[in-house]
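Please keep the sequence and the structure in view while reading.

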Amino acid sequence: MRFLCLPGAYGSSDKFQVQLAPIIKELTEDGTATFHFINGPCKAVPPEGFEEYFGKPPYFRFMEPDEDTEKTENDDVLSRIRDFPDCETPEDTMRELMREGVATAHRSTDNALKYLVKIMEERGPFEGIIGYSEGATVAATLLLHEQRRFKKKGIKPMFKYAIFFAGWPPVDPDSHAMVLSDESDAVIEIPTCHIIGSLDPYVHGSLALFNVCDPDTAYLFDHAKGHTLPRDKDTVKELGDVVREAIANYDIHM
C-alpha cells in the first residue's frame with residue numbers, strides 16, 4: 001500500500017518522516033507499505049511560546065485564515081490551543097472552540113484541496129492517506145471531497161484506507177463549516193484507523209473526527225500518551241498489526 005503523508009501544522013515533510021520513522025520501519029520491512037511525504041502549501045509561523053515545540057524552521061500549514069478576514073487577537077483557531085475547551089461531548093468541545101471570532105479559511109481550504117488533488121494526479125496513485133493533527137483534518141476533508149466528486153462527476157475515489165494521528169473533524173468541502181456528527185449526515189466511508197492519546201489535551205478533537213467515520217470500519221487505537229506519535233517498539237508493532245489486518249480484511253491492494 002502506498003500512503004500519501006500529511007504533516008501537522010507548523011511541521012514539514014522531513015519532520016513528519018522523522019516522527020513516523022518507527023512506523024515506517026515496521027511497515028516497510030515486510031513490504032506492507034511505502035510512504036510519500038509532502039509539505040503543506042502555506043508557509044507559517046508558530047504561535048508565540050510554541051517555537052521550541054515545533055522545532056527549527058521551515059514551518060508549513062495546509063490551511064490559514066483568509067487574508068481579507070477582519071483580524072482579532074484570537075482569530076486563528078490554532079492560536080486557541082492554549083485554552084482548549086473541555087465540554088461534555090467532543091462535538092460540544094469543537095463548537096466551543098469554533099465560537100464567534102474565529103477567522104474563516106474558505107480560500108485556503110479550497111487551495112489545499114486543489115493542491116492535494118494535483119499531487120494525487122502527478123505523484124499518485126496512492127491507496128492510503130496518513131494525516132497527523134492538522135494533516136488529519138485536511139486528509140479527512142479530502143476524503144469527503146472525493147466522495148462528493150464521485151457522486152457528482154463519477155470520478156472514482158483514489159484512497160481506500162486512512163490513518164489519522166490525533167486531528168480534528170473535517171470541514172465541509174463546499175460550505176467549509178466543521179463537520180460534526182450531531183449536526184451532519186456526512187460520513188467518511190472508507191476504513192479508517194484513529195490513533196489517539198488519552199492524555200492528549202485535544203483528544204476531543206480526535207474523537208469528533210472518529211465520530212464522523214463509518215462506525216463499522218473505524219478503528220480506535222489509544223497509545224495512552226499525549227499529542228504525539230507512538231514510538232515504543234511494542235506499541236508500533238501492535239499498530240502495524242492493526243494496519244496489516246485492515247488491509248487483509250478489507251481487501252485493500254496496491
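## Helix α4

Within helix α4, the residues S108, T109, A112, L113, L116, V117, I119 and M120 are buried, where buried means under 20% relative accessible area, exposed over 50% and partly exposed in between, with a 1.4 Å probe and protein chains only. Helices (H or I, at least four residues) and strands (E, at least two) are DSSP runs, numbered from the N terminus. An α-helix has 3.6 residues a turn, so residues three or four places apart point the same way. The buried residues of α4 pack against β1 (2–6) and α5 (134–153), contact being defined as heavy atoms within 4.5 Å.

This is a predicted model, in which local features need pLDDT of at least 70 and side-chain atom pairs count only at pLDDT 80 or more, while totals for chains, interfaces and linings use all residues. Residues are numbered from 1 along each chain as its sequence is written, and side-chain values use heavy atoms, with hydrogens and water left out.

On a 1 Å grid over the protein atoms alone, a pocket is an open set of points with protein on both sides within 12 Å along at least five of seven lines, a cavity is a set where a 1.4 Å probe fits but cannot get out, and lining residues have an atom within 4 Å of a point. Points are joined across faces, edges and corners, and a volume is the space filled by probe spheres set on them.

## The largest cavity

The largest cavity has a volume of about 30 Å³. I23, L27, I130, I163, F165, L239 and V243 line this cavity, and α2, β6 (161–165) and α7 (233–249) each supply at least two of the lining residues.

## Residue S13

S13 lies in helix α1 (residues 13–19) and is buried, with a relative accessible area of 15%. Leaving aside neighbours within four places in sequence, S13 is in contact with P7, F37, I38 and N39.
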